[in-house]
Amino acid sequence: MKAIPQMVQILDDHTEKNLNQKKWDGKLLWFLSQSLVAIDDDNWLEHLVRVVLERIRYFSDEEEEKGFLYKFFGFTLRTSRNTKLVKIMISSILQTAHEELQDREGIAVALRVVSVKHLTVVLDQLQVYNAVLTDKDSLAILKLMKEHQQREWGLVCNTIYLSYSKIILVSNGAIFMHLDAILALTLQHYRDCIVEKDKNLKLDFLNALTTLTHPLSSQNVNFRLQFPHKLEIVTLMRELIKVEPLNFISSSIRQKAMSIVTDFRKLRPLLEVEERIELLRTSCKSVLCLPPTDVLQKEAPSPKETQAYVDLFRETLQSLRRLMEALIVEMPTRIQNCLEFLDTWLNSQKDNECERAMWCAARILGFTAKMNNFETEIEFTCLGRLVRLLALHCRDPVDNICFLSSQAVYNLYCILLQQKKMGRKQQGLWEEEEGKPEVYSANVFYNNISEIAKASAEYCTQIQLTTLVLTAMEGLTDSRAKASLAAAQLMGAVMEERGREMIKIEEVVEGLMERLNMQLEPSTKEETLRAMCSLAGNNAHIVVPCCSTGPSLGIEPIWPCGSCLAPGGKPQSMYCSCSQTSWKSSTLERRRRRWPPSRWRRGTN
């Protein structure tokens, strides 16, 4: 028994003030376990456990010794080989008071310690105790006054889920064989609860459930295991989010619900596409549609709670961001789904909705870029539309939206660049470009449409390039001068960069001419005309005939003189390089008679 002299020496060398209580408690509990194994007397052990339980009830909640006694109880019971005794004593400790957090945590710690040797017994007894939440015949909670029933239900629920969470942390994966049954119980607890469901009960349930699901997010789960009830819980969380009001935020229900779904990211099965879509649609609408922060502050019942409302909204927005990241982790190739659901709010005329959506877009694109998991190609089938959407906001009247947009564009560029690197490395072609300094940054893209177009156009296919131009064209008639000008500049920059590779050119020209006949802002009209020139400079044989047969714009191209014609009689551009004049006011019919396309022959004036 060398342990006893060593422990006595520790007490001799330390005083009450400098003794490391945590280490000392650990030595006592270890010594207890070794001693009980050596004694090997279940009758004596049963008596000891009952005495410890009585002492737990005797101590007040403020005393530190109470927490140690809960551990003492657990370590003592863990050494028993009498299953019947273990069941009886677990049932007894679950019946003790759990009004205070110290008691609930103490019970959970005791069960965690016992579960190391008696996992199945502990889980069975917890399941028996679970009935108090759903069995109306037991009347354990219903005997209380009505105003106390919901609180008691929440406390019991918290004790149970806290116990499960602590067992998960020490089970070394053994509990995962029982996890789906536990998830089934959590569903039953809410759907069949014996007390009235209101906002407070929802919060109590979600707070308790969070203590259970949060440890799951840090566990290495065997992906071969399936937990079908995960999908039912996700559906329940979506239902809770959906019924939350859109005109104010007064509770953390939606924030807790999204966090719980996020905690499930490592559990299988994965969400089906339809379920992901519905979850994203519900969550985005519930958070992004909330009123501006200043309005939320006014809704606070007192000045003291004003900041609490703002903090609650920020936490809720962060939960939405984490939820979207979790869905990306599940299926990295489907990041486009997340971005598509932000489209409505990125196009919103309400600055607060647009700013929140852009914040989410920047964050999830940045998260994806840092994953460095590009072995499976991430598809952006709507890349042109996405670039247009992000780029135009780089000229938004709200400065923070401009800043967030530049961040989002840069993160998207990094993803595309990483995919290009991966592809070229597989071909053995990238090494020659290693070590070159980075050309672009978020600062370069800030308020700079031309650089965005230059960087993004490289990665667009011909159809994506055309989609980018056609969707940007829609913004020419925007009532906001900055937005319409940005649309024109984006078109011009793209056409200048890759105009020769455009398709559907007739459709583009027709759309441009139609909008040039509208009342555009002068600066927007000028940029649009420049875009037309850039397009014609690369595709004159298509553009010029379209212009000559299209509607009169009141301004039209000067047909080129003979010296400016390309070989074969086709004009090199929409302007005469001799006069350096690109556009001149006149009537289309007069110009057509003066220089019809049939006379385009090299060297003819």
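For a pair of helices, axes are lines fitted to C-alpha atoms over the stretch in contact, and the angle between N-to-C directions runs from 0 to 180 degrees. The model is predicted.

**Exercise 1.** Determine how helix α3 and helix α4 are oriented to each other, and which residues make their contact.

Solution. The axes of α3 (residues 42-58) and α4 (residues 65-78) come within 9 Å and cross at roughly 160 degrees. Angles over 145 degrees count as roughly antiparallel, and the two helices are therefore roughly antiparallel to each other. The crossing is left-handed. On the side of α3, the contact includes Leu 45, Val 49, Val 52 and Ile 56, while α4 contributes, among others, Leu 69, Tyr 70, Phe 73 and Leu 77. Sorted by class, the contact has 11 nonpolar residues, one polar and two charged.

**Exercise 2.** Repeat the analysis for helix α11 and helix α14.

Solution. Here α11 (residues 253-263) and α14 (residues 306-330) pack at an angle of about 20 degrees, with their axes 9 Å apart, which makes α11 roughly parallel to α14. Their crossing is left-handed. The contact of α11 with α14 is made up of five nonpolar, five polar and three charged residues.

**Exercise 3.** Locate Phe 73 within the largest nonpolar core.

Solution. The largest nonpolar core has 170 residues, and Phe 73 is among those with the most contacts inside it. Helix α6 (residues 101-130) gives the most to this core, with 11 residues. Leaving aside neighbours within four places in sequence, Phe 73 is in contact with residues including Leu 53, Met 89, Ile 93 and Ala 110.

Conventions:
Residues numbered from 1 in each chain as written. Predicted model: local features only at pLDDT ≥ 70, side-chain atom pairs only at ≥ 80, totals over all residues. Heavy atoms only, no water. Core = buried A, V, L, I, M, F, W, Y, C linked by side-chain atoms within 4.5 Å. Buried < 20%, exposed > 50% of the residue type's maximum accessible area, 1.4 Å probe, protein only. Helix = DSSP H or I, 4+ residues; strand = E, 2+ residues; numbered from the N terminus. Contact = heavy atoms within 4.5 Å. Parallel < 35°, antiparallel > 145°, perpendicular 65-115°, else oblique. Left-handed = near helix turned anticlockwise from the far one by under 90°. Nonpolar A, V, L, I, M, F, W, Y, C, P; charged D, E, K, R; others polar.
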